[in-house]
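Biologist: Hi! Could you walk me through this model?
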Amino acid sequence: ASFTISLRKVDTTTVMIKLRPGVPASCQIRIKNVNMFELKIKPGDNVTFTFTCRTPEKYFIMEIQKNIDCMSGPCPFGDVHLYPPGLPRLDKTYLWDVKASTKAGLELKFSTPWLRQIAPGDTCPDFVTYNINSCIDNATVNIGTFCRNGSVSRVKLLGGVVMSLHLPWNSALTTSGFNIANRASIKRLCIIESTLKGESSITLMSPNYPLGFPEDELMTWQFVVPSNMRASVFFHNYSLSNCERKEERVEYYLPGSLSNPEVFKLTDSQPANIAGNFNMSLQGCDQDAQNPGILRLLFQVVVQHPQLDENVTHLVDLSKERNMTVTIHFEGWLSHVPLMSEPVCLICKDPRTCDRVLTLASGNVYRISFLCKDLSRLRITAEKGISCVDLRWCQRKIYSLSVPKAITQLPIRLHRFIWKLLAPDLINIEITSPSLKLQQHVPEQRCNTSYSYSIVSATPETELNVGLFCPGGSIEKIQMRNNITISLKTFGKGFINESNHQDLKMSFVPHIKDECTFTVSPNPKAKVYLQTPNEPYGLPPYVSISWYVVVPSKQIARLGFSKDRMGIACETGRAYVNIKEETMGAEETVRREDELLPVPRNMYHNFWVNVSNCKPVDKTQLTLQFWVTFADKKTDLGIILAVVAGAGVLLAIGLTVCCVKKKKKKTQNPMVGVYNSNVNTQMPGKKALFAKGRQNNESHVYAVIDDAVVYGHLLKESNGSVTPEVDVYRPFDGPVGSLPPSPPPFSFRKGIKCSSNTEEEPPPLMDTDHDTYTFAHQNSGQLEDNRDANEKDKGDKSMPLLEKKEQVGLVE
């Protein structure tokens, strides 16, 4: 096909056809058998041409430039046409260069559907793009890039303007979409009018965005708001230049304001809930010539219907709170508010100060309202700090870690409440839940409550995720050495009712030995699962964790591990599991990482479980889980028979005592009570066996029978090498407190030789912090035959103490 372009001289229009950049020259323009790659048609020319290919739109683009003079002669007001007609189907860029005096600015008016500003580099859905540049003297300022279908209805510019319109080759657009409406002095860089309709959200940018607003310039946005709507302004992206004189600011002319213009900094929260048309102006400053900086602004205007409850205020009294902030935000809010194309929920602390995010500080009282159709999309995130500087003062105080009623009474769901607990060196933190107690969230025992606690212990070097906990468990107390962050997170609407029963408390305590210590008091009918912290990553190297499990007096605890080995290999040091009942002379069970963990066993007293980690050889860290169940103590037939036999012996003794009493004075002697589970059925000897006239006194009648005397015959039967006259039973004689067993020190762990043939007793466990960490062990020769196979440690020859019920008897 051939094309003919005819230009009149009076039209001052130039047409240029040229190759598309970056495309190979596989097509040419042919005029009278002459081929060329570029064609320029000037005013007054009449040119007929063809292309040497069938798809010239792939290879060529077209620019049509028209000069308009509004300075020396009359300005051609009215619609600007797409001229000339009959152009080939190529990508086209129309350029209108309008010359005008700075004393008589130009007004460009756009036909519906108006324009929508986009950031430089963005593309329009239909690829129809407008670009507006202002020309002042020899400087050019990019007012903005726009697509169709927006709110920008008019633009007034100081001086001349270069208006461009880009059309793709397949566009059916036949009009430019704007006209030159008027000439008027505006005394500022530009005025952009935005006409808002219905509920909507628009985004606008300052000229030259993002490169920087011209120095010491002033521009204005005029917003036309429907009378039945409300408008709110939000700044999303801005930066400030370095001012030498004046100050960068934003000025508003607001309907009904008594102090117009109202001046705001760019860092302030901008006006909201504006009823009616308003203006917003951006004022620059004189910049530092050496370091000017960049002034730029991207902002959003949201228009929505007035809310039915906008006059309903909610009292938030934080006057008695300390070191606490409360943030009300939209669901899904992170660190900033994203751009959104739909009306959103607004939170107002006064009729004009509204935002998508509102932060309230402790020590103040607020009356807030909401501009929101659906309050269920709003959330509350709060944070409170508690610190201790002097233990003498803060150790006596118990802090309640509960959500204040000022928050729970709001008609908004609490998303998260964070307590940051700070303690200096040698001061530790204790978390208690006296009535509800805490349950650790593990795969076998999941939390299904309306809220949970995430507890993280942190130092400047490491962070230990203690775990996820919920109310209704068995953990009464958690002690930690480092600063703690506790995050309460809610699930669903049930927290509003359950918040009245919160009982989590915190106090500062003196220094503890382990990284973390749990006190567990399980329900006698429950099966409790407990797990090392920092799941799923495992316990950090060289960290020690302890659990203190309380066993009810009429119960027997069953302790078992969920796997048979620790599952790690140590590069430095050794990993240990220590188990110890809290009773006089109880034996401590120790397992290393290269040994099998203890099989399930019965525990008759309160006991400790300690897990100490080494430095593993690979990235696999130590993760252990154990369980505890309870059963009632049962009285077996042997015990019953022993008690019956013992009763017979007591009867004989009683008769003897009675006879002696009758021969002497009629005075009462105390009754003899002996618990004898291993009864000696031999009757007491005859009177003649008592030497030195003992039949004449009452020294053989025992008011209290000492343990050492009762157990004497057992040591003789054991063929022990030492046969003391009385003091046979040697319990641990140090103080016994609620402190965990001490894991072997790392210097000792490195020196252990893994040999099953050695008969040497391992070195004693040393600890200088607390006497209660030292445990008594008998010599290897004592009671070796009575050792429990399940309690036997490889290479450990320490003598387990016999249970008391197996050792009780009468002295011959």
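Biologist: How many helices and strands are there in the protein?
Modeller: The protein has 7 helices and 53 strands, taken as DSSP runs (H or I of at least four residues for helices, E of at least two for strands) and numbered from the N terminus. This is a predicted model, where local features need pLDDT of at least 70, side-chain atom pairs count only at pLDDT 80 or more, and totals for chains, interfaces and linings use all residues. Residues are numbered from 1 along each chain as its sequence is written, and side-chain values use heavy atoms, with hydrogens and water left out.

Biologist: Okay, what does the pLDDT average over the protein?
Modeller: The average is 79, and 76% of the residues score at least 70; pLDDT is the predictor's confidence in each residue, from 0 to 100.

Biologist: And where does pLDDT stay under 50?
Modeller: One such stretch is residues 745-812, with 122 contacts beyond four places in sequence (heavy atoms within 4.5 Å). Residues 635-645 also stay under 50, and there the model has 7 such contacts.

Biologist: Switching topic: in what order do the 4 strands of the open sheet come?
Modeller: The order is S1-S6-S3-S4, with antiparallel pairing; two strands pair if DSSP finds at least two bridges between them.

Biologist: How many bridges join S3 to S6?
Modeller: There are 2 between S3 (residues 29-31) and S6 (residues 46-51). Arginine 30 has threonine 50 in S6 as its bridge partner.
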